[in-house]
Amino acid sequence: MRRLFALAAIVVAMAALRQASPEAVSPFYHLPLAVGFTLLAATVIGDAVARVGLPRITGYLLFGIVCGPSVADLVSREMARDLQVVNGAAVALIGLIGGLELRWSRLAPRLAQTTRFTLALVLVLYGGLALLLGLAWPWLPIHPEASPPVRWALASLLAAAVATFSPVVSVAVVAEQRARGRLTDVVLSTTILGDLALVAVFSLSLQALRWLLTPGAAGDLALLVEMAWLLVGSLAGGALVGAAFALYVTFVGRELTAVLLVLSLVGSQAARMLGLEPIFAGIAAGFVVGNVARGQGEVLRIAISKGSLPVLVVFFAAAGSALDLQALATMWPVVVGLVAARLLFLRLGTRLASRAADIEPEIAPLVWRGLFSQAGITLGLGAVIASEFLGWGTRVQALAVALVAVHETVGPVLFRNALRRAGEHAPARGKPLIVASNREPYVHTYRDDGSVYCPATAGGVAVALDALMRQRGGVWVAHGAGTADRAVVDERDHVLVPPDAPSYTLRRLWIDEPDFSRYYGGLANEGLWPLCHVVDVRPIFREADWVAYRRVNAQFAAAIHQEMANPATLVFIQDYHLALVAAELRARRPDARTAIFWHIPWPSPDRLRVCPWRRELLLGLLANDLVAFQTERDRRNYVMATLDELGDDVSANGPYVSLGRHDCAVVSVPIGIDFDRIQDIVADPATEVERQRLVERFGLRGQIVGVGVDRLDYTKGIPERLAALDRLLTRRKELRGTLTFVQVGVPSRSELGSYSAIETEIDRAVERINRRHAVEGGAVPVVYHKSALPVQSLVPLFRMARFCVVSSLHDGMNLVAKEFVASRDDLKGVLVLSEFAGAAQELGDAIIVNPYDIEGFAAALGRAIDMPAVDQERRMRTMRRIVAGRDVFNWASDILEGLESLGRRPLLFPPPEEPAAPAVADRSIA
Amino acid sequence: MPWRGSTAERERYRSEDGGADALDVFVNASKDRFDTSRLWRWVPGSALLAAPALWLVPVGWLLGPSALGLATPELVVGASPLLSVAMAALGVFVGLGLRLNSPGERRLLLASTAESIIVMGLVGGAGAAWLAVTGGTLTPAIALALGAAAIAAAASTPSTSTPGPTFARLADLDDVVPILLGALLLAAVQEPTWRAALFVVGRSAALAILFAAAGWLLLRGSHGEAERVTVVAGLLLLLGGAAQYLGTPALLTGLAAGALWSRAPGEEFVRRYMDPIQRPVVVLLVVAAGALLTITTAVVVAALVFATLRLAGKLLGGRVAALVLGITARESLGRLLVWPGVIGMAFLVNLAQLHTVDPWLQLAFGAVTLGTVVGEVASLWLSRGVEDAS
């Protein structure tokens with residue numbers, strides 16, 4: 001409804017604007033208005049059309065037809081003309097997208113088969129149409145009086161034009177549907193090769209016709225040269241531009257958006273001036289970029305495809321506004337006949353060609369649907385005939401326009417339908433998804449009275465992934481740790497969650513002791529956690545822990561395998577507990593498509609060397625199709641470690657690390673928070689009530705408030721933070737009694753020695769500060785709340801704070817920093833952020849501190865307290881923009897869309913060996 | 001504390017270039033590959049490259065009809081729609097900065113208004129006097145005044161220097177009055193009565209607000225990044241296109257839309273998706289200005305006079321603004337405010353396109369474009385050693 005209101009407002013404003021009659025002072029004067037109106041209105045209509053199961057591009061076309069000069073005239077004739085300029089660039093960009101899709105490694109083994117298929121199809125389609133047109137020529141309202149030889153030449157010429165396909169529409173549908181697969185490949189390559197063949201046939205027919213009509217022109221090969229130039233020149237020119245762009249991407253790689261846009265705009269105009277075809281040039285350029293700068297090409301393809309929406313909107317809306325409905329109205333009987341004939345020979349041709357070329361039976365009956373569309377090339381050939389043969393030539397051109405009106409409208413619907421049937425489209429809700437994590441999103445627990453309750457797991461990532469799963473559905477595989485977990489699952493260990501609105505399946509996994517303690521408490525938290533966090537805590541590596549870790553990872557893999565009913569299922573693995581799951585899964589399901597997000601830092605290669613099983617860990621991660629880290633530094637560390645440790649077996653190319661024939665994309669995708677959810681909490685009247693409650697509870701009455709929220713972990717730098725606070729209160733005695741620092745500390749892994757030690761240290765530090773700096777009747781220096789607070793309490797607490805401290809000694813990201821920023825829509829408050837937290841890479845407008853430098857840290861706290869409001873607002877505004885712009889849904893969709901769209905190859909990853917027998921020796925770093 | 005901002009930091013200070021390139025961010029460009037900034041280090045006086053007009057205007061001029069002729073007059077004129085969009089984007093940024101939450105902020109608006117009125121009065125007054133003598137129309141004088149008032153807008157505060165906050169906010173706010181006044185005065189010149197002029201300006205602002213409200217609804221209901229990018233791009237094009245269609249400055253439509261969004265929840269979305277769009281457009285804008293520039297003796301003289309008057313106006317205006325704000329380092333603030341903004345040049349480019357036959361306006365355009373280059377040189381020199389002004 002909101003979108004319809006928006007559409008109505010835009011249409012009303014546009015209609016009001018059109019009342020003015022401006023004086024056009026330059027060409028393209030109407031361009032921004034036309035493109036802006038088209039982008040907004042056509043997007044809404046495309047969305048509405050998608051809701052009834054049609055392709056969005058049909059909606060864009062519809063917009064162009066309805067709002068164009070033929071009907072409502074909101075897009076005037078001048079605007080429609082101006083849109084054609086953008087259209088040229090759009091065609092080049094669509095071609096580029098199509099070219100980037102074409103992988104030589106994928107096409108080469110089937111090149112002979114594709115060529116055979118295309119030639120057979122063209123022969124049947126063109127031959128059938130030519131025969132039919134030749135026989136029916138006397139009754140066609142084109143040039144009925146032509147002599148028999150001329151008639152057959154004309155029939156050949158017209159058949160070549162009528163038979164052509166539309167690479168632009170095919171690529172556009174593929175881009176919109178984010179389609180991948182065999183049908184997609186066959187359709188794309190056939191439209192390109194087929195059109196090349198048909199343009200060649202057209203040229204020969206035209207030459208023959210010239211010879212027949214004007215015998216003196218027999219030796220004039222200008223047209224043949226022209227057509228050869230159009231084909232070969234377009235491909236060669238595009239390839240040259242592509243090579244230059246590939247070099248630019250590889251060696252410079254900056255300002256890519258601007259360079260790409262200028263290249264498309266200037267390139268398309270230059271192509272027209274040189275008599276080249278922008279779509280062929282674009283495809284050739286994309287093909288070269290995608291296959292020469294392979295790593296960057298893949299990332300570019302994903303990026304351009306993600307940004308292809310405006311291009312598609314403008315292209316199809318412009319095409320719709322340029323469609324000549326008049327031509328269709330006057331020539332409809334011939335048009336209907338030709339459409340029917342083309343359809344007949346297309347179906348016959350694909351059937352025969354499929355047999356001739358051994359096309360897979362699953363896709364063979366669907367190929368014709370992808371080849372039905374027609375657009376620019378048909379129009380172009382029609383225009384050539386019109387310019388060559390004045391009089392009846394214009395009737396052919398009108399016929400071409402009318403044919404395109406039908407084929408361009410119906411074609412996308414048919415192709416989308418075919419992609420759906422072949423299972424190659426990315427549906428709106430995405431492919432089936434399995435999330436795997438150690439921790440479960442909902443824990444069923446017995447109360448004292450024996451009843452069961454089911455709280456959601458706290459923590460930003462769990463909340464975020466839960467939101468994603470609610471939206472998308474699927475299965476979440478996790479360790480069942482609740483006391484009542486076993487009681488509520490069915491015989492397949494399934495339970496629907498969330499309890500209040502079941503929307504996805506939680507598959508619980510039972511990990512028995514001592515395996516759980518060894519896998520989780522042992523290897524994961526005493527080994528990998530300190531290994532990855534540079535905090536001078538020795539990692540402990542025990543053989544028994546490693547064996548248990550492998551066993552549990554294998555257990556996860558087996559559970560995922562059981563849940564993978566659909567081969568297209570995506571598997572999204574979480575964190576360092578499950579580093580070997582992909583390798584184990586790959587042994588069972590070589591076609592599995594997996595991504596892992598490593599939430600914590602990745603150590604430098606030297607640091608990693610202390611781990612006895614580093615090669616196994618590296619290989620385990622490499623078994624994924626995509627490995628994502630929080631920061632570029634972590635990504636780089638991982639890539640360097642694979643090159644160091646795995647030697648000649650691996651190679652790195654752009655974002656890819658290749659092992660044998662398996663490519664793994666290694667990327668950095670910083671995690672975000674659910675920004676909108678926090679805005680909802682901010683706007684909730686209950687937040688004010690909660691604020692009052694916190695004021696009472698913590699005794700916060702008008703003083704300066706600082707806040708820190710952490711798990712009680714040695715990586716969080718809490719003792720350093722308290723030391724800095726101590727130093728600040730020692731230096732600035734006027735703050736005593738007027739400053740309260742609220743430290744929320746959530747005990748965690750207390751059974752481990754290193755954790756209980758840090759808890760004790762913090763307890764003592766708080767006690768010492770309160771003893772030293774307390775003032776009679778003044779505010780307590782440190783309020784220590786040693787348990788978790790729900791986000792509904794954290795938000796008002798953050799909003800009360802003058803400053804928030806995140807002082808991690810090493811941290812993957814730290815979502816508290818982002819939650820603080822998200823809570824401050826009043827633009828007040830200062831974030832004091834450790835330079836060793838991943839969040840510091842994004843939130844440069846925080847006060848960045850080194851928590852080891854206590855003097856500097858204390859000074860930073862002082863700066864935060866004294867910072868003028870205008871400075872606070874400026875910094876907070878910038879940080880909010882960053883946090884809002886990259887929320888947790890962007891994070892998840894970046895990873896999942898990246899995973900979905902990665903190029904596929906047969907995966908020949910070596911299956912992991914069976915776990916060895918447990919050994920007893922501990923391996924701690926000396 | 002002395003100003004210790006490096007060239008790179010000064011670059012960070014300026015928001016008119018927009019944010020990082022969208023594709024660069026996506027592909028993690030140049031993190032581990034060839035860094036083009038190395039090239040700049042080889043160029044003598046590379047500090048000057050922090051000023052975009054200083055090198056992009058000459059680049060445009062070299063490409064343009066006056067030099068190599070690669071950018072033909074038709075091509076340059078054909079780029080005018082992009083200029084409108086660039087100005088709409090800049091206007092939106094100014095509008096987004098209009099969120100005045102405190103008395104201190106309102107005082108900043110007052111100070112910036114006083115500062116820009118002084119500059120406009122000085123430059124516009126001198127221009128009007130000159131045109132009265134030579135028999136030109138009033139429009140070039142208005143254009144000169146508006147071109148002089150703009151300051152390079154600043155979006156982020158450098159962490160190692162402190163003149164930032166006040167300067168940055170002033171730079172955001174001091175464009176408001178010139179934009180409003182400029183739109184009104186230009187309409188008054190074009191329309192027969194003040195009432196008609198007010199109607200023209202009001203109609204443009206109302207349509208912009210309608211587009212902005214619709215865009216806001218779309219943005220809040222959009223699914224995914226691609227759709228948000230599409231909506232923001234469409235909005236900027238609509239705002240720029242509507243202004244061009246109606247013959248009013250796109251800065252005004254952008255300002256109206258930005259002001260509306262600054263009050264709407266989640267303005268961060270707009271900013272986030274605007275940044276990548278803005279940068280390439282601004283580069284094109286400055287290059288186009290260079291390409292349109294015809295350097296004659298009259299233009300050079302006018303540019304030097306313009307730059308001198310603007311400099312004097314900014315120093316004086318800076319003192320007055322410092323007085324209003326109670327800042328002791330009055331001279332420092334004025335010296336920071338000297339930095340010329342792309343907005344002024346953009347405004348003149350657009351105006352020169354609307355009135356191609358007015359030779360006085362073409363002269364004013366040349367004076368402001370070349371004067372901006374001179375102003376950037378002056379401000380590079382003046383901003384050295386500026387004391388803390390906040």
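Me: Which handedness has the crossing in which helix 6 of chain A passes helix 9 of chain A?
Reply: This is a predicted model: local features need pLDDT of at least 70, side-chain atom pairs count only at pLDDT 80 or more, and totals for chains, interfaces and linings use all residues. Residues are numbered from 1 along each chain as its sequence is written, while chains are lettered from A and ligands numbered from 1 in the order in which they are written. A crossing is left-handed if the near helix is turned anticlockwise from the far one by less than a right angle, and right-handed if clockwise. Helix 6 of chain A passes helix 9 of chain A in a crossing that is right-handed.

Me: Which term describes helix 6 of chain A and helix 9 of chain A relative to each other?
Reply: Helices (H or I, at least four residues) and strands (E, at least two) are DSSP runs, numbered from the N terminus. Axes are lines fitted to C-alpha atoms, for helices over the stretch in contact, with angles from 0 to 180 degrees between N-to-C directions; here the two axes come within 9 Å and cross at roughly 50 degrees. Angles under 35 degrees count as roughly parallel, over 145 as roughly antiparallel, 65 to 115 as roughly perpendicular and the rest as oblique. The two helices are therefore oblique.

Me: In helix 25 of chain A, which residues are buried?
Reply: A residue is buried if 20 or more other C-beta atoms (placed from the backbone) lie within 10 Å of its own, exposed if 12 or fewer, and partly exposed in between. Helix 23, strand 9 and helix 26 of chain A are among the elements that cover the buried residues of helix 25. Those residues are A:Leu617, A:Leu618, A:Leu619, A:Gly620, A:Leu621 and A:Leu622.

Me: Which residues of chain A is B:Phe211 in contact with?
Reply: Two residues are in contact if their C-beta atoms, placed from the backbone, lie within 7 Å. Leave aside neighbours within four places in sequence. In chain B, the contacts include B:Leu235 and B:Ala257. In chain A, they are A:Ile10 and A:Ala13.

Me: How many Å apart are the end C-alpha atoms of helix 15 of chain B?
Reply: The expected span is 1.5 Å times one less than the number of residues. Helix 15 has 29 residues, so it should span 42 Å. The value in the model agrees: 41 Å.

Me: Where is A:Pro498, which a cis peptide bond joins to A:Val497?
Reply: Most peptide bonds are trans. The bond between A:Val497 and A:Pro498 is cis, with omega about -10 degrees. A:Pro498 lies in the loop between strand 5 and strand 6 of chain A.
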